[in-house]
Amino acid sequence: MRENPLVLHVLGARPNFVKAAPVVRGLDELGVRQGIIHTGQHYDALMSDVFFADLGLPSPVANLGVGSGTHAKQTAALLVGLEEVFMAQEPDLVIVYGDVNSTLAAILVCAKLGVPTAHVEAGLRSFDRGMPEEVNRIVTDSLSDLLFATSPEALSYLAAEGVPAAKTHLVGNPMIDSLFAALPSLDPAPVVERLGIPSRYAVATLHRPANVDSPEAALELVSAVLDVAAQIPLVVPMHPRGRAQLAAVGLVEGPNVKVVDPLGYVDFLSLVRGAALVVTDSGGVQEETTMLGVPCLTVRPNTERPITVTHGTNKLVTPAGLPAAASKALSDGAATPAGELPVLWDGASGPRIARVVASWLKGENLSPASRNGRL
Ligand code: UD1
Ligand code: UDP
């Protein structure tokens, strides 16, 4: 390893920023030389800049500006842009996050250039290859050198796919580190006042292609969501992906529906913290509601985060089942998580990942203790 090794983080989409912030902070505290490469997959200020500000992330050393496109066009632009950056910067390790196209592209480029990689949030599986994210997860995990898992079942999936245990590390959930760090600033009152909604409300976020891309699926979903809105005032911070399609089938401003632009991280989590109910198809929001003890109905046939169902407040629902499930959740009142909260979701995952990375950079042998979050 070089004298002063360089770590690059590849970030492209909203959830990446939330997961990376604690890792960047952890590495900073250990004096590791590092930089952020922003691919530009998400580029609207409300999908990107606001997260750098809210999370205290340092400015990227490069922004590739790849923007939107079909999977092939976007991934191709990512491959070309990332290869140029890595060839110029010669990183000793590249860290990728989650399951977005930027993650997939970075791992492919590194594999071909022989650059070692680490994957944060390894081993999640929905077992639904119709989801673009599932394809990205499988490829990313199969090519990563260090795999950081957020939950024990992720480790078992990696083992079943033949990933050597020596590469895997159970570290907890850095997205929850960010939530813990933001907790003192999470106050629903000013957001509720600004949005002009009553103090008892529900929040919905929807952006999965299977839910919002086709007019048929979007219509079925929106009918169910409007039924929820008939039960409780509903705020919908609208992801750009669903904006046009959901509006076309009727998810528009109404007496009980407030449709707004995507919210910044602190504003959004403030709203979630004060909500009586959250309806979502987001991956991260399933985890955040579990930690905040807010009832969450996930409108999907599966989840790659089953721990939020077994140890948290999350329930999977079909669009047809959503209204009744919402009615029950609202009458049952505040949910207490079903049992113990997920292991190591304690706000210390970023430092854990940083310690493993720093040891790895020094060429130290990583012990079984580090693999179980005890380093
Ligand atoms: C991506 C990820 C998804 C993740 C989500 C988080 C992939 C394959 N999908 O989905 O896993 O859950 O981010 O939010 O990587 N758009 C804008 N402004 C932006 C960004 C996007 O208007 O700043 C619009 C464009 O019309 C674009 C569409 O949103 O075509 C989809 O963006 P894209 O990055 O391809 O995927 P997401 O649906 O955001
Ligand atoms: N989020 C946000 N504003 C919003 C909606 C979501 O700050 O209007 C945050 C949310 O708290 C979580 C992250 O964005 O930290 C999740 O991103 P998203 O749902 O886009 O992606 P996914 O987790 O489904 O991949």
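Pro-319 touches Glu-220, Leu-221, Ala-224 and Val-299, when residues up to four places away in sequence are not counted; a contact here means heavy atoms within 4.5 Å. This model is a predicted one, in which local features need pLDDT of at least 70 and side-chain atom pairs count only at pLDDT 80 or more, while totals for chains, interfaces and linings use all residues. Residues are numbered from 1 along each chain as its sequence is written, chains are lettered from A and ligands numbered from 1 in the order in which they are written, and side-chain values use heavy atoms, with hydrogens and water left out.

Pro-319 itself lies in the loop between strand S13 (314-316) and helix H15 (322-332). Helices (H or I, at least four residues) and strands (E, at least two) are DSSP runs, numbered from the N terminus. With a relative accessibility of 19%, Pro-319 counts as buried. The term buried means under 20% relative accessible area, exposed means over 50%, and partly exposed lies in between (1.4 Å probe, protein chains only). Pro-319 and Leu-8 are 311 residues apart along the chain, and their C-alpha atoms are separated by 41 Å.

Another buried residue is Val-272, whose relative accessibility is 1%. Val-272 is found in helix H12, which covers residues 265-273. Residues up to four places away aside, Val-272 touches Val-278, Thr-289, Leu-292 and Val-294.

The loop between helix H1 (14-29) and strand S2 (33-38) holds Val-32. Leu-30 also has its place in the loop between H1 and S2. What is the state of Val-32, buried or exposed? Val-32 is buried, because its relative accessible area is 14%. Leu-30, at 44% relative accessibility, counts as partly exposed. Setting aside neighbours within four places in sequence, Val-32 is in contact with Val-7, Leu-27, Ala-358 and Leu-361, and Leu-30 is in contact with Ala-354, Arg-355 and Ala-358. In sequence, Val-32 and Leu-55 are 23 residues apart, and their C-alpha atoms are 19 Å apart in space. Leu-30 and Phe-268 are 238 residues apart along the chain, with 31 Å between their C-alpha atoms.

Glu-90, found in the loop between helix H3 (71-89) and strand S4 (93-97), has a positive phi of about 45 degrees although it is not a glycine. Phe-127 is likewise not a glycine, yet has a positive phi of about 60 degrees. Phe-127 is found in the loop between strand S5 (117-122) and helix H5 (132-143), and at 57% relative accessibility it counts as exposed.The whole protein can now be considered. The protein has 17 helices and 13 strands, and its C-alpha trace spans about 60 × 40 × 40 Å along the principal axes. A compact globule of 375 residues would have a radius of gyration near 21 Å, and the protein, with 20 Å, agrees with this. The radius is taken over C-alpha atoms, and the globule rule is 2.2 Å times the number of residues to the power 0.38. Of the 375 residues, 57% count as buried. The accessible surface comes to about 14,500 Å², of which 56% belongs to carbon and sulfur atoms; such areas come from the Shrake-Rupley method with a 1.4 Å probe, and for residues only the protein chains shown count as cover. Among contacts between residues at least 6 apart in sequence, 70% join residues at least 24 apart.

The protein is divided into domain 1 (6-173 + 344-371) and domain 2 (187-332), with bounds that come from an automatic or database domain assignment. The contact takes 26 residues from domain 1 and 22 residues from domain 2. Taken over C-alpha atoms, the centres of domain 1 and domain 2 are separated by 27 Å.
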